[in-house]
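Hi everyone, thanks for making the time. I'd like to walk you through one model this morning, starting with the overall fold and ending at a few backbone details.

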Amino acid sequence: MSNINSAKFDIREYLRLDRFPHFLCPGCGHGMALRALLWAVEEKGIDKDKLAVVSGIGCAGRLSAYIDANTFHVTHGRPLAFATGLALARPDLNVVVITGDGDCLAIGGNHLIHACRRNLNMLCLMLNNEVYGMTGGQVSPTTGKTRTTTTTPLGNAEPTFDSCALAAAAGAGLVGREVTLQVPPLKNLIKEGLEYHGFSFIEVISDCTEVFGRKNDLGSSPEMMLRQKSDLRPSSYGNKVDEPFRPNTLPTGVLSRHDRAEYRDAIEAHAKVVKAVNKTSVQGIDESN
Ligand code: SF4
């Protein structure tokens, strides 16, 4: 069924084809993530004029340049800050942030936790490729323990962030994870994120074949993709790198949902209460006079 729907979907209608050829390396997962996003946009029937995509710096951040919609390519780690202003000023827009693990969890980590806390209506799509790809393959907050990068030539000694657990703990309304190996489920998860009235955070496991896979002898792009749902991924949240291979154990789909007031709604409700209290106080002063 999903193949039939996929055949109807023509991604070229959502791309700035004059920007092609794109910059992605052969086998990079980010193209599949972009396809899933635009496919979800089409199935949701979102008008391109009502779609605003904000992205930061890095390979994931470059994707906004190819999307034929309202796009903002902003400073490193700050797409959530820009998107916050945009979503506050233009609630009529569908605001989507595309960010990478370094952009979102390191340089922009502070913005992420506060975006989750506020629960402002937007979708944050974090493409986790376990490395700073664009700048040459430096270690990132999701690089697995023992993995080799240009800045950890002897192997990474740091534990990794579980970005979904972080987002849920910080208060994100909807949190999910999917892999680029499963594009239709990824598209469906993104649709849920777009539908959710509040802050939705989706981590996409998206392989960097070039500066991460090659450096760690992880094989070809298909070989890397087949390991995406293994709990032996270095970002396997617990760093079980010495345990036997256990495929299909990385949790995917909607991982947590915490329905509560969306930020603008909460502010408006709060403003009404303050106004009512002030009115009562003024009346009280008038009457006492
Ligand atoms: S460096 Fe890695 S993440 Fe960046 S485009 Fe190439 S494969 Fe993709």
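Let me start with a definition: two residues are in contact here if their C-beta atoms, placed from the backbone, lie within 7 Å. And please keep in mind throughout that this is a predicted model.

With that in hand, take the contacts in the protein chain between residues at least 6 apart in sequence: 68% of them join residues at least 24 apart. As for secondary structure, the protein chain has 10 helices and nine strands. Its radius of gyration is 21 Å, close to the 19 Å from the globule rule for 289 residues, so the chain is as compact as a globular protein of that length. Along the principal axes, the C-alpha trace spans about 80 × 45 × 35 Å. Of the 289 residues, 46% count as buried.

How is the chain divided into domains? The assignment gives domain 1, covering 2–258, and domain 2, covering 262–289. Taken over C-alpha atoms, the centres of these two domains are 42 Å apart.

Now to the ligand. Which element gives the most to the shell around it? That is helix H8, residues 209–213, with three residues. The surrounding residues include Thr 209, Glu 210 and Val 211. Four cysteines are also on the list, namely Cys 25, Cys 28, Cys 59 and Cys 208, along with Leu 24, His 30, Asn 129, Gly 133 and Met 134.

The peptide bond from Phe 20 to Pro 21 is cis, with omega near 10°. Pro 21 sits in the loop between helix H1 (2–8) and helix H2 (30–44).

Then there are two positive phi values in residues other than glycine. Glu 130 has phi near 70°, and its place is the loop between strand E4 (122–128) and strand E5 (131–132). Is Glu 130 buried or exposed? Glu 130 counts as buried, because it has 29 C-beta neighbours inside 10 Å, and the cut-off for buried is 20 or more.

Thr 146 has phi near 80°, and lies in the loop between strand E6 (138–139) and helix H6 (163–170). With 15 other C-beta atoms within 10 Å, Thr 146 is partly exposed.

That's my tour, and I'm happy to go back to any part of it.

Conventions: Residues numbered from 1 in each chain as written. Predicted model: local features only at pLDDT ≥ 70, side-chain atom pairs only at ≥ 80, totals over all residues. Domains from an automatic or database assignment. Near = placed C-beta within 6 Å. Helix = DSSP H or I, 4+ residues; strand = E, 2+ residues; numbered from the N terminus. Rg over C-alpha atoms; globule rule 2.2 N^0.38 Å. Buried ≥ 20, exposed ≤ 12 C-beta atoms within 10 Å, placed from the backbone.
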